[in-house]
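My notes follow in the order I looked things up.

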Amino acid sequence: MFKIIKKGLKKVYYATKDKPVIGRFVRIGAALIKLPEYKQRQLFFEEQQIPALLRSLSEINARQSATDAKIENMLLSVPVSLREMKRDIENMCNSSEDTHKRMDDITDSVAYLLRRVEFVRRELMFEMRYGNSAPLSGGDNLNVKTQIISIEKLTNFRKKGEIRLNLGCGHIPLDGYLNIDRRALPSVDIVSEAENLPFEEGEVSEIFSSHLLEHFPAEQLRRELLPYWFSLLKPDGIFRAVVPDADGMINAYTGGEYSFEQMREVTFGGQDYNGDFHFNMFNSLYLSKLLSEAGFVKIEIVSANRKNGGCKEFEICARKPGAVI
């Protein structure tokens with residue numbers, strides 16, 4: 001019943017509140033009726049909502065103060081950290097022995113890495129140039145076909161069991177040797193490449209060459225030729241070689257004994273024909289090291305800084321280890 005009366009009063013209020021005279025009295029009456037409700041709402045707002053709002057503001061302010069304090073502490077700690085870093089650096093610098101040891105360790109590591117990089121580079125270059133599909137001819141692309149010209153001479157050497165080879169003999173054959181060259185020159189007994197000789201492993205007593213090794217790249221000589229010649233020799237077999245003496249030539253050039261043209265020709269070869277190009281140069285220490293790596297022993301320098309026309313040369317001798325008894 002109360003709701004029906006209240007609903008009816010609301011209709012009367014909305015219908016008459018805008019009338020010129022009666023509307024004014026209607027609005028005053030409505031205000032008087034609602035006055036207790038307004039007072040109750042005001043009391044609720046003042047006693048409950050305002051204190052709660054003040055508490056929230058206080059908590060927010062407290063959190064902000066704590067945040068500001070943390071930021072201030074962090075800013076204050078930065079100079080402290082910097083001072084600690086500065087102190088550590090000064091201590092490290094003052095400890096010279098420890099610092100030098102660390103630097104030495106770093107230097108050794110870098111040097112090791114550089115050696116590994118160089119090793120990989122040389123491996124790749126060797127495979128690209130001397131892989132299974134590449135010719136092994138010291139830079140020439142045309143391998144010669146092996147021809148035994150002096151068959152009777154070879155047979156006699158084999159009967160004696162003393163096969164001695166003069167590799168790359170050119171125009172200078174040696175008595176008591178089978179003279180071998182890749183060109184069919186007069187007095188050549190066997191036409192063959194130096195890396196594909198018509199002999200079995202352990203069949204040869206001595207291998208000699210004069211101004212041949214410099215015609216092959218260093219990696220081919222180290223990886224293939226010297227191990228190959230080593231395999232052909234008998235136990236206690238002899239390897240001898242004469243090569244341009246780099247130390248002697250450099251000293252002769254810097255001392256004014258030899259001209260630049262002489263130095264250039266010895267370094268790079270005469271280049272008069274295919275195969276007359278130098279790919280390598282030696283001093284006694286370097287060639288001794290190569291022979292040792294190939295397995296040779298009793299390595300000795302027979303002669304050094306020996307003059308031969310427009311060249312300084314040295315002669316080296318080495319042996320294959322004897323048979324194990």
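**Entry 1: overall figures**

I began with burial: 29% of the 325 residues in the protein are buried. I used under 20% relative accessible area for buried, over 50% for exposed and partly exposed in between, with a 1.4 Å probe and protein chains only. This is a predicted model, so local features need pLDDT of at least 70 and side-chain atom pairs count only at pLDDT 80 or more, while totals for chains, interfaces and linings use all residues. Residues are numbered from 1 along each chain as its sequence is written, and side-chain values use heavy atoms, with hydrogens and water left out.

I then took the surface. The protein exposes about 21900 Å². Carbon and sulfur atoms supply 59% of that area. Areas come from the Shrake-Rupley method with a 1.4 Å probe, and for residues only the protein chains shown count as cover.

Next came contacts, meaning heavy atoms within 4.5 Å. Among those between residues at least 6 apart in sequence, 63% join residues at least 24 apart.

I listed the secondary structure last. There are eight helices and eight strands. Both are DSSP runs numbered from the N terminus: helices are H or I with at least four residues, strands are E with at least two.

**Entry 2: the sheet**

In what order do the strands of the open sheet run? I read β1-β4-β3-β2-β5-β6-β8-β7, eight strands with mixed pairing. I counted two strands as paired if DSSP finds at least two bridges between them.

I went through some of the pairs. β2 (residues 164-167) and β3 run parallel, joined by three bridges. Leu165 stands opposite Leu178 in β3. On to β4 (residues 190-191): β3 pairs with this strand in the parallel sense over two bridges. Here Ile180 faces Ile190 as its opposite residue. β2 and β5 are also parallel, over four bridges. Asn166 has Phe208 in β5 as its bridge partner.

**Entry 3: strand β3 and Asp181**

Are the faces of β3 (residues 178-181) covered or open? Both are covered. Leu178 and Ile180 are buried on one side, Asn179 and Asp181 on the other. In a regular strand the side chains alternate between the two faces of the sheet.

I looked at Asp181 in more detail. Asp181 lies in β3 and has a relative accessible area of 6%, so this residue counts as buried. Leaving out residues up to four places away in sequence, Asp181 touches Gly168, Cys169, Gly170, Val188, Ile190, Val191 and Ser192.

**Entry 4: pocket and cavity**

I ran both searches on a 1 Å grid over the protein atoms alone: a cavity is a set of points where a 1.4 Å probe fits but cannot get out, a pocket is an open set with protein on both sides within 12 Å along at least five of seven lines, and lining residues have an atom within 4 Å of a point. Grid points are joined across faces, edges and corners, and a volume is the space filled by probe spheres set on the points.

The largest pocket has a volume of about 1000 Å³. Of its 41 lining residues, Gly168, Ser210, His211, His215 and Tyr273 are the closest to the centre. β2, β3, β5 (204-210) and α7 (260-268) each supply at least two lining residues. By class I noted 15 nonpolar, 17 polar and nine charged residues. Ala, Val, Leu, Ile, Met, Phe, Trp, Tyr, Cys and Pro are nonpolar here, Asp, Glu, Lys and Arg charged, and the others, Gly among them, polar.

How many cavities of 30 Å³ or more does the structure hold? I found one. The largest cavity has a volume of about 60 Å³. α6 (246-254) and α7 are the elements that give two or more residues to its lining. α7 gives the most, with three. The lining includes Met249, Met263 and His278.

**Entry 5: phi angles in β7**

Most residues other than glycine have a negative phi. Lys298 has a positive phi of about 50 degrees. Lys298 sits in β7 and is exposed, at 63% relative accessibility. Asn305, also in β7, has a positive phi of about 55 degrees. Asn305 is partly exposed, at 42%.
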